[in-house]
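Please read the following account with the model open alongside.

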Amino acid sequence: MSDEGAPGRNQDDTAPGAVLVVGDRRVAIVGPTQTGDVTSINVEDSQEGAPSSPPDVAGTEAQPLLPGRGIDNTLPTSSLLRVSALGFTFFLLFCAYNATQNLQTAVNADLGFWGLASLYFSFGFLNPFAPFIVNFLGPRLSLLAGIFYVLYISANIYIIPAVYIIASIAAGFGASLIWSAQGVFLTCYSVPHTRITFFTGLFYGIYQTASIVGNLLSAVLIAVGLDLEYVFGILAAVAAVATALFMLLKNVAPKDREGEKSVKDLLLATLILFKERNFILLAPLGACFGFFRAIYWGILPSLVGEDVVGIVMTCAGIGQVAGSFSWGPLAERIGVVRTVCSGGVIALIAMTLLVAILLFRETSLAWFIVEGFLLSLTDSAFETQGQSTVGTFWPEKACGFSAYGLVHWTCVAVGMVVSSFVPPVVIIIVTTVLLCCALFSFAVLMHVIHW
């Protein structure tokens, strides 16, 4: 460990049980973790006459030392591995789900729009209740809700409209649980929290690879002449394997212990965020992102068609993965606001191109591939930076992710419903106006309020 920034300290100063005085703080040294990082606990104000003997550290949870104070701030290997494992399990589940979702409006036409709308209405409506279940069951057991994705995919094997809609609603319930749990997992795994943008980008970079592999798998299966019933059967089996692998993740517990409150208190903890100034300024980004995804997931596949939608969305997946790995490090270099605005500029270009495709009735596969790639870059930008911003303002609180998800997924559902009877050009124009408002609101939040 480097002694830079800590003049006059000898090697014994950081032995387990020693107490360092850093500024006006007393830091008790516990010792190296399994990753070799020195950790500290029981940080308290230094006062005159304070006893020099080390405090009792038995049974106290160790926390990483604060960065920038002469302590090695390298990323713990355990954090990298845990975030990577979390990303892989979500990658496997969404290999199956993304491929299924992108076939909905192309295969099931208007029923596909209504199925996705039912799914995301359920997701948005049940999101405020998700923290209670996540905290009651624990984040890891909550991930068993992935079984509802299996049921949803299986409902596509033989379409019965009523069963299909019910399965869509159930999948929305499952989604509210696994994404609320994912937010807690990611925030708790991201140590130190000052690098949360890096860990968020790492998770979504791995997870978004599903957009390539899943869509490529469905495209290949359809290209070789396999019936859709067998395609959906294979995808359902993949989702079942992913759900089983969730149980191998190291469990965590939100530190605010919201699960010990009543359902009423927990619901209020989520809804009360809608009165906070910070959330009011962040909500437009979630709403805009919701309508944007209705275009990306609903309108684009319906224009492309069943035969080549897998190819277009595979290329889009490449952009999504590239963006997910790039937006996090970029945000650390140029700031979150400039990163989100960069994604917004790409979104405006994508909207303009899509309007041109619609007005000139362009059917070239190349144009659809370019459109999908641009939409995917924006999707990954808003996804990673929106999640990391929620984690920054409400760390380790499931209600923060729940409230943001309520806004976002409800707007996805509204966009899907409207897309079934409103001309796509109108939806694009409304989304563009909302995008400009969202970027302004986000800039105010981060530059004027937060900093």
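In helix α8, Leu-217, Leu-221 and Ile-222 meet Leu-228, Val-231, Ile-234 and Leu-235 of helix α9, where contact means heavy atoms within 4.5 Å. Helices (H or I, at least four residues) and strands (E, at least two) are DSSP runs, numbered from the N terminus. This is a predicted model, in which local features need pLDDT of at least 70 and side-chain atom pairs count only at pLDDT 80 or more, while totals for chains, interfaces and linings use all residues. Residues are numbered from 1 along each chain as its sequence is written, and side-chain values use heavy atoms, with hydrogens and water left out.

Two packed helices are described by the angle between their axes and the distance between the axes. Helix α8 covers residues 210–223 and helix α9 residues 228–245; their axes come within 10 Å and cross at roughly 150°. Here axes are lines fitted to C-alpha atoms, for helices over the stretch in contact, and angles run from 0 to 180 degrees between N-to-C directions. The helices α8 and α9 are therefore roughly antiparallel to each other (angles under 35 degrees count as roughly parallel, over 145 as roughly antiparallel, 65 to 115 as roughly perpendicular and the rest as oblique). Their crossing is right-handed; a crossing is left-handed if the near helix is turned anticlockwise from the far one by less than a right angle, and right-handed if clockwise.

A second pair is formed by helix α11 (residues 277–304) and helix α13 (residues 336–359), which pack at an angle of about 35° with their axes 12 Å apart. The crossing of α11 and α13 is left-handed. On the α11 side the contact is made by Leu-285, Phe-292, Ile-295 and Leu-303, and on the α13 side by Val-340, Ala-347, Met-351, Leu-354 and Leu-358.

Thr-314 lies in helix α12 (residues 309–334). With 9% relative accessibility, Thr-314 counts as buried (buried means under 20% relative accessible area, exposed over 50%, partly exposed in between, with a 1.4 Å probe and protein chains only). Apart from neighbours within four places in sequence, Thr-314 is in contact with Ser-211, Ile-212, Asn-215 and Leu-216.

Leu-177 belongs to helix α6 (residues 161–189) and is buried at 4% relative accessibility. Its contacts, leaving aside neighbours within four places in sequence, are with Ala-130, Ile-133, Val-134, Ser-142 and Ala-145. Leu-141 is 36 residues from Leu-177 in sequence, and the two are 9.8 Å apart from C-alpha to C-alpha.

Gln-101, in helix α1 (residues 77–107), is buried at 1% relative accessibility. Beyond four places in sequence, Gln-101 is in contact with Leu-116, Tyr-120 and Trp-297. The C-alpha atom of Gln-101 is 8.6 Å from that of Gly-112, eleven residues away along the chain.

What do the totals show for the protein? There are 16 helices and four strands, and 52% of the 451 residues count as buried. Among contacts between residues at least 6 apart in sequence, 80% join residues at least 24 apart.

The last topic is the cysteines. A search of the whole structure finds zero disulfides, a disulfide being a pair of cysteine sulfur atoms within 2.5 Å. Cys-436 is in no disulfide, and the nearest cysteine sulfur, that of Cys-437, is 6.8 Å away. Cys-436 is partly exposed, with a relative accessible area of 45%, whereas Cys-95 is buried at 6% relative accessibility.
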